[in-house]
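Please view the sequence and the structure below before reading on.

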Amino acid sequence: MSDQAFSRNTNHPTDHAIKIGNIVNQLRLHHQDAWILSSPAGIFYTTGFQSGLSRGTGRTGALSVVTADGEVHLVLAEFEAEAARLIADPSVHIETYPVWIYIEEYSTPGVAKEVQPADDAAINIAVDILKRTLKPGGDGTPRVGIQTTWLNYTTGRDLLGQLAAYEVEDIESAFYEARVIKTPDEVAKLRFNAQAAEAAMNLTARAVVPGMSTRDVYAIYKKHCLERTPNATELTGFHTIGHHFSPYFDPADYTIRRGDIIRLDGGPYTYGYKSDIARTFVVGDEVDSENQRIYDRLWEGFHYGVEHAGPGVRFSDLYKGIAERIHLDEYAYVRGHFGHSISCGEVGEEAPFIAPNEDRPLEPGMVLCLETPFYSSKHQTYNIEDTFVVTEDGVEFFTHASPSLHV
């Protein structure tokens, strides 16, 4: 599938309505009157617009305000207003604050520009929206949820100060819950990203030969990712090579040898959504017998997960079955989880997790990553990871890992 199959506006009106319905359900569940979302994912999920200033400056450059009646307000700098009006869902109300940049459409004769907008510029507008739209409840105190994790000290202090008359709660976990069940449009994007990652990793594995460097592997991987997703906003690659079990953002200098195990992990992000799969392979024809045994045990656990995942299965039961099949007790092998949800969040791994204490069942519409990793400086590093969606009567795996270390 070509990424051109998706429209530039990532939120089809029906898709947007479903997402806002998910948010409103959480508002009602928690008896709240409004949410203020400050994370890039929160702004994107509720408006369809990815704010570059919010993502790239470390400041609270944009905010989204969602009220319990489903109205959405996007607050952002004048500099992003044109893009927001083109890309955000048409139902979103856009409000802007002035910036230092000269824009003819926002020029006012005789009015000087600030060197930088005040840190509370977006917050002031968001609070004003609450004052205009919220009606006091029975006790006269509106309840407002905010994403505290994505506010720095200064803006968080200012926002809480301005909301002193409100009952304020953190909504980070509630926002995770709102996006656990994916819309059909989200499923399509996550499928496309995962399959693009798989194609890039398979081509990279076939291209690697002894004598190449770690940097060569990263470069080949990025090339193949970009060929399949030319509009990708980010490419993640938490790769490990040989006895180096730590991934590098700036690859280390290492010359690849025959028999090295290479683990490729990550993928491209397109249209606001992530990808996270992993492939593990050996360089050359021969593999150390213990390395092969480790991979085989990981595959046994992974294959159990593939065969037993489905609607109604508890996350904790799936975890237990995978752990029992891997059976690498001599290495004291213990994992915190064997997979996770994936969406539009800043971090690829999202709740719920395939973990021992997660007793909720898998539900149709969940998109999850199943993984069985092993990291070691003595026995090298591995991960088998695929992405799947839970359906009404089973699962659909977007990608298909190999039971063999040989490409």
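## Aromatic pairs

The structure holds eight aromatic pairs, where rings of Phe, Tyr and Trp (its six-membered ring) pair if their centres lie within 6.5 Å; planes under 30 degrees apart count as stacked, over 60 as edge-to-face and the rest as tilted. In the pair of Y319 and F338, the ring centres are 4.8 Å apart and the planes stand at 35 degrees, so this pair is tilted. Y319 belongs to helix α11 (residues 315–326) and F338 to the loop between α11 and β11 (339–341), so the pair ties together parts that are 19 residues apart in sequence. Helices (H or I, at least four residues) and strands (E, at least two) are DSSP runs, numbered from the N terminus.

Y319 is buried, at 11% relative accessible area, and F338 is buried at 1%. Buried means under 20% relative accessible area, exposed over 50%, and partly exposed in between (1.4 Å probe, protein chains only).

## Nonpolar cores

The largest nonpolar core has 51 residues, of which I23, W35, V208, I256 and I262 touch the most other members. Such a core is a set of buried Ala, Val, Leu, Ile, Met, Phe, Trp, Tyr and Cys residues joined through side-chain atoms within 4.5 Å. Helix α8 (residues 184–207) supplies the largest share of this core, seven residues. A second, separate core of 31 residues includes V282, Y333, M366 and Y382.

## Basis of the model

This is a predicted model, in which local features need pLDDT of at least 70 and side-chain atom pairs count only at pLDDT 80 or more, while totals for chains, interfaces and linings use all residues. Residues are numbered from 1 along each chain as its sequence is written, and side-chain values use heavy atoms, with hydrogens and water left out.
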